[in-house]
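Here's a quick briefing to read with the model open beside you. Take it topic by topic and click along as you go.

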Amino acid sequence: MNSGYGNYGASTSKKSTVGWLYGGGSAREDIEDNLDVLRQRSRDLYMGVPLATGAVKTMRTNVVGRGLKLKPTIDREALGLAAEAAHDLERAIEREWKLWAESPDCDASRLDNFYELQQLAFASWLMSGDCLALLPVKKRKFQPYDLRIRLIEADRLSSPGGYDALDNKIIGGVETDGTGEVVAYHFSKHHPLSYVTEPMEWVRVPAYGEETGRRNVIHIMVRERIDQRRGVPFLAQSLKP
């Protein structure tokens, strides 16, 4: 006698479900093990199917547009500032921010300003499931701030040797400790799908600086499952239809 879900979604005898072949696993089996195929198929759709291209570009335009901009709002009461002094400080902060954000010097590649990087990162996240950003410090002439943003495509975040650790500590290039906290990311020195003939090597980047606690890596993704470490491409559910 079936009861509860056994008489509905979990039924194995009803005509609508008797032929339902099902199977599943953890986030690793269901998601991470299939990401290489999902990424390449999603990007192929983006490059060749107008509906897919339009979906990604529309999302990018509606969410990012010309870029999310800084609007300083100081807690003047906590700082003991008068309203006019707080307003002057907010304007000063905004001017300093523009020196960095509106120049291609903020980009490690020195190609895009901060707002263009947002568009690129968002589109890459939609197509590939996640996007990575390193935050190196590099001096440049006539630029008062040394922080740089280096975007990295999802494929380069991968486990050393191309195989995840059997103990689950490194999955998809994301390394965790015994408590499940993300402690490091492993990046290949060049794109695994490129024609580069150099041997593939990996660099381990700690998630946070050991001395300062400063974030070294920004991992842009949306998790759908507990213990999931890599993101799913925006077009994944649309690939088959």
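Is Asp-227 buried or exposed? Asp-227 counts as exposed, at 61% relative accessibility; the scale here calls a residue buried under 20% relative accessible area, exposed over 50% and partly exposed in between, using a 1.4 Å probe and protein chains only.

Keep in mind that this is a predicted model, where local features need pLDDT of at least 70, side-chain atom pairs count only at pLDDT 80 or more, and totals for chains, interfaces and linings use all residues. Residues are numbered from 1 along each chain as its sequence is written, and side-chain values use heavy atoms, with hydrogens and water left out.

- Helices (H or I, at least four residues) and strands (E, at least two) are DSSP runs, numbered from the N terminus.
- Asn-168 isn't a glycine either, yet it has a positive phi of about 70°. Look for Asn-168 in the loop between strand S2 (150-153) and S3, where it is partly exposed at 36% relative accessible area.

**The sheet**
- Four strands make an open sheet in the order S3-S4-S5-S6, with antiparallel pairing; two strands pair if DSSP finds at least two bridges between them.
- Strand S3 (170-171) and strand S6 (202-206) are the edge strands, each pairing on one side only.
- S3 runs antiparallel to strand S4 (residues 174-176), and two bridges join them. Ile-170 stands opposite Glu-175 in S4.

**Salt bridges**
- Side chains of opposite charge can pair when their charged atoms come close.
- The whole structure has 10 salt bridges, each being a side-chain nitrogen of Lys or Arg within 4 Å of a carboxyl oxygen of Asp or Glu.
- Glu-175 turns up again here: it forms a salt bridge with Arg-204, with the closest N and O atoms 3.0 Å apart. Arg-204 is in strand S6 and Glu-175 in strand S4, so this pair ties together parts that are 29 residues apart in sequence. Glu-175 is buried at 16% relative accessible area, while Arg-204 is partly exposed at 44%.
- Asp-30 and Arg-225 meet in a salt bridge too (3.0 Å, N to O). Asp-30 lies in helix H1 (residues 27-30) and Arg-225 in the segment after S7, so the pair ties together parts that are 195 residues apart in sequence.

**Aromatics**
- There are six aromatic pairs in the structure. Rings of Phe, Tyr and Trp (its six-membered ring) pair if their centres lie within 6.5 Å; planes under 30 degrees apart count as stacked, over 60 as edge-to-face and the rest as tilted.
- Trp-97 and Trp-100 make a tilted pair, 5.2 Å centre to centre with 50° between the planes. Both lie in helix H5 (residues 83-101), three residues apart, about one turn of the helix.
- Trp-100 is buried at 7% relative accessible area. The ring centres of Trp-100 and Phe-114 are 5.5 Å apart with the planes at 45°, so that pair is tilted.
- Trp-97, Trp-100, Phe-114 and Tyr-115 form one aromatic cluster.
- The charged end of Lys-69 sits over the ring of Tyr-115, 5.2 Å from its centre; that label needs NZ of Lys or CZ of Arg within 6 Å of the ring centre and within 35 degrees of the ring normal.
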